[in-house]
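Here are my notes on the model, as numbered points. Have the viewer open while you read.

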Amino acid sequence: MTAESGTHTGREDIGPPVSSRTPELVLCAVDEPLAAAWTHALGRLETEAATIRVHRGSVLDVVAQAVVSPANSYGWMRGGIDAVYARAFPEVEQNVRSAILASYGGELPLGEAVIVPTGEAEPGWLISAPTMREPGERLPADTVHPYLAARAVFLLWQRGMLEAGPVRDVVDTIAMPGLGTGVGGVEPATCARQVAAAWEEVFGRRRNPR
């Protein structure tokens with residue numbers, strides 16, 4: 001199903017054959033607790049050094065073809081990192097909401113993601129993957145929403161389609177901020193563990209399962 005913004009979510013189609021290749025994933029943190037949590041979780045993954053790295057700073061400082069929006073299900077981008085994206089990319093909120101309306105009837109379920117153009121040359125794409133249904137929702141301590149959002153991002157990269165072809169042929173590097181660690185109140189260690197688990201599930205890279 002192709003969204004009005006020119007995107008394709010890959011939800012209802014088989015998509016391209018699954019590749020053994022992985023994206024470069026840049027885990028971003030503006031504060032030390034999240035940076036430390038990313039680093040600790042990364043140490044448990046068996047992956048080439050260039051495949052995943054931690055960036056201490058803004059997600060917008062990373063050279064990447066796509067950035068991740070830990071969104072709400074309705075595509076409103078008014079708080080946290082989403083507000084930063086909306087200021088940097090004036091077209092992107094409307095692109096997200098149009099894609100959600102076209103492909104999901106206006107509400108993007110948890111565990112799904114859409115990719116839309118930012119309107120800029122780089123990053124050219126934003127991947128919206130909700131960590132909460134309602135804007136500003138505080139998540140419980142036992143939430144699995146960061147895992148669901150990260151898994152949706154990785155599956156979209158692996159299987160999703162754009163009008164020009166597979167997402168993975170267009171996006172080599174994904175910059176990801178904390179998922180739910182801002183407005184959602186998720187502990188950095190919880191987010192990092194769940195993102196690592198999602199990576200392991202989708203790409204099958206394990207070293208110290210525990």
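**Notes on the fold, the spaces and a few residues**

1. The chain has six helices and eight strands, where helices (H or I, at least four residues) and strands (E, at least two) are DSSP runs, numbered from the N terminus. Reading from the N terminus, the order is β-α-β-β-α-α-β-β-α-β-β-α-β-α. Of the 210 residues in the chain, 53% are buried; buried means under 20% relative accessible area, exposed over 50%, and partly exposed in between (1.4 Å probe, protein chains only).

2. Some housekeeping before the details. This is a predicted model, so local features need pLDDT of at least 70 and side-chain atom pairs count only at pLDDT 80 or more, while totals for chains, interfaces and linings use all residues. Residues are numbered from 1 along each chain as its sequence is written, and side-chain values use heavy atoms, with hydrogens and water left out.

3. Have a look at strand β3 (residues 66–69). Ala66 and Val68 point one way, Val67 and Ser69 point the other, and all of them are buried.

4. Which strands pair with β3? One is β5 (residues 125–128), parallel to β3 over four bridges, with valine 68 opposite isoleucine 127. Another is β8 (residues 173–176), also parallel to β3, with two bridges joining them; here alanine 66 stands opposite isoleucine 174. Pairing requires that DSSP finds at least two bridges between the strands.

5. Now the spaces. Rolling a probe the size of a water molecule over the atoms shows where empty space is left. On a 1 Å grid over the protein atoms alone, a cavity is a set of points where a 1.4 Å probe fits but cannot get out, and a pocket is an open set with protein on both sides within 12 Å along at least five of seven lines; lining residues have an atom within 4 Å of a point. Grid points are joined across faces, edges and corners, and a volume is the space filled by probe spheres set on the points.

6. The largest pocket has a volume of about 540 Å³. It is lined by 32 residues, and the closest to its centre are Pro70, Gly80, Ile81, Gly182 and Val183. The elements giving two or more residues to this lining are β1 (24–29) and α2 (80–88), and α2 gives the most, with four. By class, the pocket lining holds 17 nonpolar, 12 polar and three charged residues.

7. How many cavities of 30 Å³ or more does the whole structure have? The search finds one, and about 60 Å³ of space lies in the largest cavity. Among the residues lining this cavity are Leu25, Leu27, Trp38, Trp199 and Ala192. Two or more lining residues come from each of β1, α1 (32–42) and α6 (188–203), with α6 giving the most, four. The cavity lining has 11 nonpolar, no polar and no charged residues.

8. Histidine 40 sits in helix α1. Is histidine 40 buried or exposed? Histidine 40 counts as exposed because its relative accessible area is 58%.

9. Glutamine 158, in helix α4 (residues 145–159), is buried because its relative accessible area is 4%. Its side chain makes a polar contact with the side chain of arginine 159 (3.3 Å), and also reaches the backbone oxygen of valine 202 at 3.5 Å. A polar contact is a pair of N or O atoms within 3.5 Å; within protein, one must be able to donate a hydrogen and the other to accept it, and residues adjacent in sequence count only if both atoms are side-chain atoms. Glutamate 200, in helix α6, counts as buried because its relative accessibility is 14%.

10. Last, the peptide bond between glutamate 122 and proline 123 is cis, with omega about -5°. Proline 123 lies in the loop between β4 (114–117) and β5. For context, most residues other than glycine have a negative phi, and most peptide bonds are trans.

How values were computed:
Ala, Val, Leu, Ile, Met, Phe, Trp, Tyr, Cys and Pro count as nonpolar, Asp, Glu, Lys and Arg as charged, and the others, Gly among them, as polar.
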